[in-house]
Amino acid sequence: ATQPSASARVCFSSMGVGGRAASRMGALSLQRAVSCFGALSVAVLWRPASGSWVNRTLSDGSQAVGFESARLYGNINKYAYYFMDLLIGSPAPQLTSVIVDTGSRLVGFPCTGCEHCGEHLEPAFDFGRSQSARWLQCSVDCASDCDGEQCSYRETYSEGSSISGHWFDDLVELGNSPTENPPVRARMGCHSNENKLFYTQKANGIMGLAPSDDGMGRREPTVLQDLFRDKAHISTQIFAMCLATWGGLFTVGGYDSTYHTPGEEIQWTPMRAAHYYIVFPEALALSGAPAGASPAQVVTSGDEFGITIVDSGTTFTYLPGPVHRNLVRSIDDYCASNNGCEATRESEECWRLNDPLGSPTMFPTLRMAFQGGAQFDWLPSGGYLQERGEQGVWCQTFMENSLYQTVLGISWMLHKDVVFDLENGRLGVVRADCPEHHKEADYLRKDELVADALVALRLPARHGQLAQGQLAQPLFLALGLSFLAAAVVTWTAMGRLQLRPRKSIRLHHAEIEGAFATTLSLHCEDSEIDHARAP
């Protein structure tokens with residue numbers, strides 16, 4: 001159907017309650033994220049349906065022959081990840097939601113009969129309802145990792161989260177796609193057990209998009225190869241993620257330049273697809289200084305970043321300790337010389353703006369230089385600073401990594417179209433006005449707010465039946481609810497987001513092509529990590 005071509009902007013008053021977001025690698029804990037009361041303007045950009053998909057660009061700049069896309073959902077504060085829908089099975093496909101994760105390879109979600117699985121956005125997949133589902137059998141479909149006669153898996157992550165289950169294959173297609181996506185047969189995991197943050201996350205499962213490591217020289221993500229194996233005109237060697245504040249767009253076979261910021265060209269930097277998507281930053285500086293002043297240099301050598309990966313499964317961006325400390329100190333020095341950036345330090349991570357209704361436009365832009373001459377800007381508003389908990393309080397979205405590695409997570413990818421071009425071994429980045437998409441769960445219902453208020457005040461559901469000894473005057477109730485509202489606004493100022501933190505990068509230097517100047521062996525818990533410096 002043709003969509004309205006004019007832009008529309010919807011302003012609504014809301015209070016968002018942060019969901020329990022998934023995390024696999026971090027030590028950060030998260031209680032709840034509650035966005036502030038008041039009017040929140042959300043841009044809903046309507047484009048002609050045909051115009052949205054005309055400019056389909058391949059990595060070499062030519063127009064794509066084939067191009068597939070799907071909506072992304074999520075938000076860095078409410079979910080701490082981004083996810084998409086898949087339709088599984090036949091004759092009636094079942095909907096499931098999966099986190100898009102460029103730092104892992106497993107595709108899986110809970111199935112009915114799961115011994116220990118949480119409550120997620122969609123019902124568990126019912127294997128018995130799909131006539132096309134087939135369990136993978138030992139000695140036929142797998143050589144090891146068997147549970148009885150069925151192929152099985154178990155993934156454990158360093159912060160303690162784990163998933164386990166059995167492999168099956170079935171018909172699958174991308175859900176909520178503007179284009180027709182016929183189902184194809186693919187291999188997936190059927191969770192029978194979820195623990196910790198996999199248990200508490202809202203999305204049902206995970207879709208790993210990291211490059212294959214099967215030793216056969218394949219470099220494209222295995223799941224994309226499965227999804228588009230019967231489409232010779234779709235290249236699984238290139239895909240893109242365009243992340244907006246809420247949701248975004250996932251494309252395979254090219255990228256959609258209609259969302260790119262006018263006048264800006266995509267910049268390319270070398271990328272290695274070896275277990276992860278590895279890039280090579282060379283410098284970091286603060287731009288936005290007064291006219292005539294040189295940018296403040298934070299990092300001047302690529303060696304200081306360590307191994308660097310782009311990981312959509314990590315909420316924040318993680319920097320080695322010395323880089324992180326230098327960056328924080330440089331921002332503090334910059335603000336001290338520029339009217340405090342019209343803000344005051346609220347904590348080690350957060351700033352309070354002088355104008356609580358404003359945005360941190362007076363903070364400097366972070367400019368990262370990469371191999372090949374590419375320079376990618378990281379803006380303060382909605383980039384390396386996010387409004388969190390209380391209106392006017394903006395907190396850093398980059399954290400210190402205890403390991404000698406850099407993880408460019410969701411906070412770095414926001415408001416950019418990030419293109420993973422495996423065929424040409426390069427990463428493309430350009431600022432973009434990514435389309436927004438919402439799930440019903442993004443919005444807090446009024447009955448939820450009232451119920452939370454009554455529970456917090458320890459009042460009966462019908463406030464005409466106050467417990468003995470309580471004041472029954474209406475004024476008391478009004479004052480109590482007002483107090484609750486003020487408390488909720490500051491709730492997350494005292495807590496933290498429940499993040500999907502950094503991954504430990506498990507690499508050996510032989511797995512990365514080229515010659516290396518040095519190899520530094522690091523140890524984290526029970527895993528050995530080899531840091532290989534790029535040639």
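Pro 91 is located in the loop between strand S5 (81–88) and strand S6 (94–101), where helices (H or I, at least four residues) and strands (E, at least two) are DSSP runs numbered from the N terminus. The peptide bond joining Ser 90 and Pro 91 is cis, with omega at about 5°. The model is predicted, so local features need pLDDT of at least 70 and side-chain atom pairs count only at pLDDT 80 or more, while totals for chains, interfaces and linings use all residues. Residues are numbered from 1 along each chain as its sequence is written, and side-chain values use heavy atoms, with hydrogens and water left out.

Positive phi values occur at two non-glycine residues described here. His 275 has phi near 70° and is placed in the loop between strand S17 (267–274) and strand S18 (276–279). With a relative accessibility of 15%, His 275 counts as buried (under 20% relative accessible area; exposed is over 50% and partly exposed in between, with a 1.4 Å probe and protein chains only). For Cys 341, phi is about 55°; this residue lies in the loop between helix H3 (321–336) and strand S23 (343–345) and is likewise buried, at 2% relative accessibility.

Across the whole structure, 23 aromatic pairs are found; rings of Phe, Tyr and Trp (its six-membered ring) pair if their centres lie within 6.5 Å, and planes under 30 degrees apart count as stacked, over 60 as edge-to-face and the rest as tilted. One of these is the tilted pair of Tyr 153 and Trp 167, with 4.8 Å from centre to centre and 50° between the planes. Because Tyr 153 belongs to strand S10 (residues 150–156) and Trp 167 to strand S11 (residues 162–174), the pair ties together parts that are 14 residues apart in sequence. Both Tyr 153 and Trp 167 are buried. Tyr 384 and Phe 398 also form a tilted pair, at 6.2 Å centre to centre and 55° between the planes. Tyr 384 lies in the loop between strand S26 (375–378) and strand S27 (385–387), and Phe 398 in strand S29 (residues 398–401), so this pair links parts 14 residues apart in sequence. Tyr 384 and Phe 398 are both buried. One aromatic cluster is formed by Phe 109, Phe 125, Phe 127, Trp 135 and Phe 168.

Asn 193 is part of strand S12 (residues 184–195) and is buried, with a relative accessible area of 18%. Beyond residues up to four places away in sequence, Asn 193 touches Cys 114, His 116, Cys 117, Ser 162, Ile 163 and Ser 164 (contact means heavy atoms within 4.5 Å).
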